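I opened the notebook to write down what I looked up, entry by entry, in this structure.

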Amino acid sequence: MSLVKLQLNNLHKSFGDIEVLKGIDLSISEGEMVCLIGSSGSGKSTLLRCINLLEPIDQGEIVFNGRDISEPGLNPQPVRQKIGLVFQSFHLFPHMTALENVMLAPKRTSNKPRDEIRSDAERLFAKFGLADRMEHYPDQLSGGQQQRVAIVRALAMKPQIMLFDEVTSALDPELIEEVLDVLRQLRRQGMTMILATHEIGFAREAADTVCMLDNGKIIEKASPEKLFSDPSEARTRQFLSSVLKR
Amino acid sequence: MEKRSTARIAFEKKQKRKGVAIATLSSALLILALIILIPRTPGWEKVQSSFFNSDILIKTFPSLLKAFLVDIAIFLWSLPAIAILGLLIALARDQKAPAMFPLRILGIVYTDIFRGVPVILTIFLIGFGIPGLGLPRPWNSPYLWGTVALVLTYSAYVAEIIRSGIESVHESQRGAGKSLGLSEADTMRFIVLPQALRRVVPANMNMLVALQKDVALLSFIGPVEILRQAGVHKSLMANFTPYVGAALIFLAVTVPATRYADYLLAKQHRERS
């Protein structure tokens, strides 16, 4: 594959006495889409939050564009601007319209003129079919629309990599597809993405690489064809059969 | 089906009518009892002439109303100072960085002191103490130092209310702000504070009502506001009616304000559930 965008070396993270990540190694190339699967509590969310520097790691390295961003004392702001994170329950700002949600961070972190930021934002809304929802407040939008606004909000910072933390898990089944469509669109444009998900069908269809997390470790990493049809680990087989049975 | 539902509606209407009738009757009986019984007490005539004397009420009311303007003025210029100081102290107490530790401690000591001392004591200490330093003319005014005492006390309470609002905004909102690359200060200013301040509007409305009443405490250090004016009339006319007049004027302001605060609170409860 091409250029390595993000490299995780021996990542460890504990909350109190509980070790949540027990040595994660992972390399993601530019334009690659990696899906993280595994049961709740396996460490998927924590891993994404660590990459976005929302949680400091205890040990290891996070190398982004050839530079270790996990160094203590490093200013996390400019790094976070290049690494977008979308949450399971959207976390839109309820007191702002969709457009204001999207424009806030670009306005405060770049010195571009307001008009340019606004037209950039409007273009993103139009692209993801939200042009008529820009002036709505989050509580006036459906879950699927809220999540798409949250994705637009992260994209407005023009990130080089996007992290998605179970972005369809809080949605009604009929709203999941509209969010997955956004992900497919980003994939086609060559966005580098890491996706924690329970949508096995989507992972099989869209991912380049699938990682099975269990108890804070990547126990299996393979192409979706390999991992879903012929997993090497018994734990992966057990997890997949329980997920697919639902 | 149709028939049963009309029967139910009729029943509920009847129940409601019955409820209103009982409430009206019981209130009327209570009022009637008070009207009949109170004038039969041995001291009623004296109390009536010295507390509820309509001649004196009419005579003193205009000057009471005029003195009340002083209360309103003190109230109005205290407000922005309380809002700003309260906000600054709330923010000081929210600082988590080690370098800001002294600021945080200062905020805690401040709120502990000014919430721990009775308002009237703060007013005495500042209102008599500082002019006692012998400062030149505008700087020895009881209006000034009385206002300062109110501002110091009330901003301690308002700071705690704002802080509770800040803490009520879910941590995930800060996380969302930070994940976009916003600074801590911007996250507080644009994401946390607007939500926090909205939530504490009803609580702060109650503080406004309390402040409106506590302005009267400044009468003890000099300003001729409504309570002091009523006291002057009382001494001249040897009659307590002016105090009743002052109470009526306060009620005319505080009752609507309290109702409005309750309305806001109820509205907020409805919106959240």
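This is a predicted model: local features need pLDDT of at least 70, side-chain atom pairs count only at pLDDT 80 or more; totals for chains, interfaces and linings use all residues.

Residues are numbered from 1 along each chain as its sequence is written, with chains lettered from A and ligands numbered from 1 in the order in which they are written.

I looked up pLDDT, the predictor's confidence in each residue, from 0 to 100, and found that chain B averages 91, with 98% of its residues scoring at least 70. For the complex, the predictor gives an ipTM of 0.90 and a pTM of 0.85.

I then traced an open sheet in chain A, whose four strands follow the order S2-S1-S4-S5 with antiparallel pairing. Strands S2 (18–29) and S5 (67–68) of chain A each have a single partner strand and stand at the edges, so one side of each is left without a neighbour in the sheet. Strands here are DSSP runs (E, at least two residues), helices are runs of H or I of at least four, both numbered from the N terminus, and two strands pair if DSSP finds at least two bridges between them. S4 (residues 59–64) of chain A pairs with S5(A) over two bridges, and A:Arg67 in S5(A) is the bridge partner of A:Phe64.

Finally I checked the chain contact, counting residues whose C-beta atoms, placed from the backbone, lie within 7 Å: 16 residues of chain B are in contact with 18 of chain A. Helices H7 (171–179) and H8 (184–199) of chain B each supply at least two residues of the side that touches chain A.

Definitions and conventions:
Two residues are in contact if their C-beta atoms, placed from the backbone, lie within 7 Å.
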